Amino acid sequence: MLSRAAECLFWAFRYVERAENIARAIDVNLNLTLDQPGNTADQWAPLYQVTGEEIEFVKRYEKATPANVMRFLTFDSTYSNSILSCLLAARENARSVREVISSEMWEQMNKFYLFVQSASETGRALRNPSDFYREVRTASHLLEGLTAATMSHSEAWQFVRMGRMVERADQTSRILDVKYFILLPQLNLVNSPVDDVQWMAVLKSCSGFEMYRKQYGRLLPMTIVEFLLLDREFPRAVLYCLNSACDCLHRITGFAPDEYLESEVLLEKLRSDLSHSATKQIMNSGLHEFIDGLQGRLNGVGAAIHSDFFAPSDLPAKPNGTRHASLS
Amino acid sequence: MLLDHYDPGEFYDEYFETAGTPRQSCQLLLQSLEAMSPFELSQRQSAAEAILLNLGITFNVYGDERGKEKIMPFDILPRIVSAEEWTVLEAGLRQRVTTLNLFLDDIYHDQKILKDGIIPEHVIRSAKSFRTPCVGLNPPRGIWCHINGVDLVRDGTGQMHVLEDNLRCPSGVSYVLENREIMKRTFPQIFRGLNIRPVNDYPGKLLAMLESLAPATDGPPHVAVLTPGSANSAYFEHSFLAMQMGVQLVEGRDLTVREGRVMTRTTKGLEPVDVIYRRIDDDFLDPHAFREDSLIGVPGLMEVYRAGRVAIANAPGTGVADDKVVYAYVPQMIKYYLDEEAIIPNVPTYLCWNESEKDHVLKNLDKLVVKAANEAGGYGMLIGPHADQVTRDAFAEKIVANPRNFIAQPTLGLSRVPVVTGESFEGRHVDLRPYVLCGGDSIFVLPGGLTRVALKKGSLVVNSSQGGGSKDTWVLGGGGAA
């Protein structure tokens, strides 16, 4: 397929996934606010701090009130990572590959954007934020389902899925990072059943509470971290996402056994390192540092995907694609 | 009756012969509409608009920052064309397209029509859209114009005329197809009662025609639609047609020329393209052959085309027949090449390069429509009766300064069709743009075409860039409901 089209697909669905996860992160805070009235003042700033966007926020708003943070992360069209901006970018990318995706996908993408866009004008969303963010999640899920059900699972679909998976791995790690930072600054509290309410909120923000309960029962920070980082079956866990992304990548390149593209090498290594990690080890050497490293390597994977597939290469097509790296 | 209070006014009305007397072809439709209240109809109008918005069927208006994306306004009352009238129009369109292709092949080769004095040589020499790099080219099967959109209008007596030909990149056919889908959702019961000729085989016919142009290749030909990009006003149509045909939609930057072939840049390296349905103007196609500053074209494309290793539809150079001065000679061309009379006449046209016609135009500016020879989209136009004296004087100066660039036509009282205005109905002026595919062996005329409607009360300008909308066009099948 066209390099440009592959790039647009990849990014369109990364942006959708990003929008969905911003909604999840905000929803978690809303939940906490309801459960712990009176203790909300400093729960909102971390939402933008974790993405490294503090400067952007401070430029625009005086105080980190819930309304300000929600407005910034949801509707601020001057901020490129707000839900609205993400969906606009997603839709523009989808629009330029309109002929590659199914009409059902396009219609849902369009409705999704128009729904958030009109909410940004009416102010309805912030009067009943929980409902609104739930609708954002549902719209994203609907799009994901339509994609799986109406688009051939061909190369184009693999780029769509890979975009979602790479972004989701990144976002889940962020949610874990920010919450861990607030919830558990002291390492000696690990393994004590403190703050059940807050950890429940973290799991719920990843739609993982029920699945976690089935698997581990008690809410323990150690196992929650294990579940969100290293589970192979929960679809929002980082390792699951990396395994899926890796699968997409191999299907795109066609599983050539001897030759690997750089993106394949980096992603294979990352997922293999992760799958051999033990939670205890991660916690001892610092979860925050671990997640930092993970995100850095994910960025490297993103850059390699770009140069392997999107940067216009003027080499003639080979049966197995253009290859310039091998797995050492 | 629903349209009891509708006033056809002093214009030719497509629904009514006179107030209260429907045309025969519209009787069944009007009977079916009977069952609906004006409120219900207005509800359905809103529902249709909501569908358009959700589908993102929009166009971009240049130089309009706020809300640059708009839905093409759509009116749910269809325009009806009887089977008898369509038979005549279809024959007229075939005749015209056949002639124009003969003309284009002649004008880029021997120019017999000039030597025989049918068209003055200076008219062609001064045509901006005559492309010298195209002289001597031999497009596959000698066909230059593969996709033609011919604008038809009625005068006050009901006679159809050709207002202009669009031989470069005629747009709008996607609206024809989408309008029909929306109408099926809006009025399913009416479709069951009427024998309406379908339009949805257009993309299939278009693809077959494009594939027939391909140079000999090993495998099945690779067809691509070439778009200037998603900022273009007709981008929706470009992606729609690519999707409907199942072919790639490419931009200039996706293409490159390598070893004498046009290639696409893919995730697996370069892959060849055999047929390009281009939706960008000649000027921008290839910076080596035409405008050097074009960033949306493909350097070296014309070289490959000249070598016969890629087909381009429409061929570069077709725009010369769009020149409104050249247009005026089409009836003579028909006589010259086919020895036939034009089945659909032109609108009478005054050519300002001709001294006496120019004088006539300047004296009668308040009655005429004046058009620049190379403009489209309703730009560069003066509607004399609707303009004030200052505007007319300014236009007169332009004509005097460059008479070759202007033509004038009588102001036609275009026919009208009712549109839904809240819960009542008013007549609005319309034109009709049928689409003709020409692949060499056969010509396909899409039954109907795009009915464009000037939604502003009293306006004669139907262009979407100037507040026009569209309607579905129903060509009735012969033998069935008349």
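Guide: Two residues are in contact if their C-beta atoms, placed from the backbone, lie within 7 Å. The model is predicted, so that local features need pLDDT of at least 70 and side-chain atom pairs count only at pLDDT 80 or more, while totals for chains, interfaces and linings use all residues. Residues are numbered from 1 along each chain as its sequence is written, and chains are lettered from A and ligands numbered from 1 in the order in which they are written.

Visitor: How many residues of domain 1 of chain A are in contact with domain 2 of chain A?

Guide: By that 7 Å criterion, 26 residues of domain 1 are in contact with 28 residues of domain 2 of chain A. Helix α1 (residues 3-35) of chain A gives the most to the domain 1 side, with 18 residues, a helix being a DSSP run of H or I with at least four residues, numbered from the N terminus.

Visitor: Why is B:R141 called partly exposed?

Guide: A residue is buried if 20 or more other C-beta atoms, placed from the backbone, lie within 10 Å of its own, exposed if 12 or fewer, and partly exposed in between. B:R141 has 15 such atoms within 10 Å and is therefore partly exposed. B:R141 also has a positive phi of about 60° although it is not a glycine.

Visitor: What makes B:D339 count as exposed?

Guide: B:D339 has 7 C-beta neighbours inside 10 Å, which falls under the limit of 12 or fewer, and therefore B:D339 counts as exposed. Phi of B:D339, a residue other than glycine, is likewise positive, near 55°.

Note on methods. Helix = DSSP H or I, 4+ residues; strand = E, 2+ residues; numbered from the N terminus.
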